Amino acid sequence: MKPELNEFSAVRITDSQLVPWPRVAAVGAMVAFSLPTFITGLEVYQALEPIQTLLALFIGSLIIFAIGGVMGVIGAKTRMSSYLLVRIAFGDKGASIVNIAFAISLLGWFGVNINLFGDAVSRLALDVFDVNIAPLTLAIIASFCMTLTTVIGFRAINWLATIMVPVLAGVTFLLAYSALSEKSFEQILATEKAATLSLGDGISAVVGAIIIGAIILPDITRFVKHWSNAIYIAFIAYVVVQMAVMGAAGLAGASSGHANILDIMIDLGLGIGASIIVIAGSWVLNSLNLYSAVLSTTATFPRLNATWVTIGLGLVGVFVALLNLLDNFITFIFYLSIIFVPVAGIIIMDYLVIRPHAYHIDSLNNNRTIAPKGFIAWLISAVFAVLSTENVIPSPSGIAAIDAIFLAGIVYTTLSWNERRSNHRTQS
């Protein structure tokens with residue numbers, strides 16, 4: 001089997017495929033350097049009071065770090081992708097449902113980002129470089145480049161991210177610096193404005209902006225040499241970079257008064273920097289989205305050729321882009337946090353408490369067909385979180401994502417406790 005396709009198969013990563021953890025951290029950081037993260041930071045600032053914005057960014061980043069850290073460690077220890085982990089937790093047939101749902105979600109993100117890319121680059125080309133290019137043309141070119149990168153595999157994504165992280169870090173610093181040159185941090189904190197979201201909703205928006213990346217973090221942490229490296233990667237991506245990016249976007253919005261991140265960056269003289277963020281950030285993020293969508297699809301249908309799956313899903317992503325999901329962007333990421341966080345809660349509790357012995361590649365040879373307890377826990381926690389979000393029932397934490405992951409873990413552990421005791425007796 002060709003090495004570049006091996007990583008898409010139902011196998012563990014081998015020693016020859018491991019890479020130094022800082023390079024994997026560059027891929028994780030690039031997800032946080034993407035345009036959607038900047039937009040979310042700006043949207044959260046506009047919807048909350050300044051102090052609430054800081055709390056939402058801090059608490060949301062810690063939640064993502066906790067989820068991504070644990071999931072990343074599981075990926076590093078098992079050297080398996082998130083989709084193989086789902087197979088073990090939910091069973092072969094059950095995983096098909098979960099993995100296809102993940103693939104659909106990732107293709108939705110792919111479409112959102114292509115849509116963002118086409119509109120943003122077309123706007124920047126006209127305003128900054130006085131060149132008129134149709135958004136659809138840009139979307140098609142971008143999709144081709146992202147699909148080609150994904151076909152090559154993780155090493156291509158890794159190489160691109162390693163080069164671009166220092167550049168995007170510099171642009172983010174310039175954005176924050178330029179914003180604070182217009183208005184001091186004390187003045188921003190003293191700004192009085194009415195909040196249109198609760199703090200819990202703001203935290204959920206921060207979590208939702210990157211939750212899929214945290215849940216599928218094993219897709220990249222399986223390439224590191226030691227499980228502790230996964231914690232470093234999660235900390236850099238979700239506490240350092242995500243907070244810096246969203247914070248810079250919030251500062252820029254506060255100092256300029258604009259509601260559009262591209263307007264803000266152009267006004268601050270960062271038109272070229274905005275172009276770099278849009279092009280490089282979207283390229284790596286969407287390549288990773290497509291990469292994970294391919295992993296989910298090939299994990300569900302292992303006989304499919306990974307190259308053709310990549311090309312086919314890339315074409316589907318362009319079609320999704322034409323649906324213009326941007327109109328419902330915040331709603332989209334908000335409900336993602338509610339629907340997909342429970343999956344992480346179930347995998348984490350299954351790995352740590354219920355069936356730790358099952359998480360090795362050989363167990364897939366005799367894997368269970370379906371795990372009803374996992375589906376029951378997923379359904380109950382997702383429905384509870386949605387109802388609490390709509391204020392139909394009270395929310396224990398006020399944060400939908402927290403409700404979902406804790407409830408999923410509790411329900412699954414409760415339903416599976418007898419299985420845990422039986423496993424312990426068998427092993428002893």
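Angles between axes that are under 35 degrees count as roughly parallel, over 145 as roughly antiparallel, 65 to 115 as roughly perpendicular and the rest as oblique. The structure is a predicted model, in which local features need pLDDT of at least 70 and side-chain atom pairs count only at pLDDT 80 or more, whereas totals for chains, interfaces and linings use all residues. Residues are numbered from 1 along each chain as its sequence is written, and side-chain values use heavy atoms, with hydrogens and water left out.

**Figure 1. Crossing of helices α6 and α7.** Helix α6 spans residues 92-129 and helix α7 residues 135-152; their axes come within 8 Å and cross at roughly 130°. Axes are lines fitted to C-alpha atoms, for helices over the stretch in contact, and angles run from 0 to 180 degrees between N-to-C directions. Helices (H or I, at least four residues) are DSSP runs numbered from the N terminus. α6 and α7 are therefore oblique to each other. Their crossing is right-handed (the near helix is turned clockwise from the far one by less than a right angle). On the α6 side, Phe-110, Ile-114, Phe-117, Gly-118, Asp-119, Val-121 and Ser-122 meet Pro-135, Leu-138, Ala-139, Ala-142, Ser-143 and Met-146 of α7 (contact means heavy atoms within 4.5 Å). By class, this contact comprises 9 nonpolar, 3 polar and 1 charged residues (Ala, Val, Leu, Ile, Met, Phe, Trp, Tyr, Cys and Pro count as nonpolar, Asp, Glu, Lys and Arg as charged, and the others, Gly among them, as polar).

**Figure 2. Packing of helices α2 and α13.** The axes of α2 and helix α13 (residues 227-256) come within 9 Å and cross at roughly 30°. That angle makes α2 roughly parallel to α13. The crossing of the two helices is right-handed. α2 contributes Trp-21, Val-24, Ala-25, Gly-28, Ala-29 and Ala-32 to the contact, and α13 contributes Asn-229, Tyr-232, Ile-233, Ile-236, Ala-237, Val-241, Gln-242 and Val-245. The residues of this contact divide into 11 nonpolar, 3 polar and no charged.

**Figure 3. The largest cavity.** On a 1 Å grid over the protein atoms alone, a cavity is a set of points where a 1.4 Å probe fits but cannot get out, and lining residues have an atom within 4 Å of a point. The count comes to 2 cavities of 30 Å³ or more. The largest cavity has a volume of about 220 Å³ (the space filled by probe spheres set on the points, which are joined across faces, edges and corners). Of its 21 lining residues, Val-31, Ile-212, Gly-213, Leu-285 and Asn-289 lie nearest the centre. Two or more residues come from each of α2 (21-32), α3 (35-47), α6, α11 (211-215), α12 (218-221) and α15 (271-300). α15 gives the most, with 4 residues. The lining divides into 14 nonpolar, 6 polar and 1 charged residues.

**Figure 4. The second largest pocket.** A pocket is an open set of points with protein on both sides within 12 Å along at least five of seven lines. The second largest pocket has a volume of about 230 Å³. Among its 13 lining residues, Ile-67, Gly-345, Ile-348, Ile-405 and Phe-406 are the closest to the centre. α4 (50-78), α17 (329-354) and α19 (400-415) each give two or more residues to this lining, and α19 gives the most, with 5 residues. The lining has 11 nonpolar, 2 polar and no charged residues.
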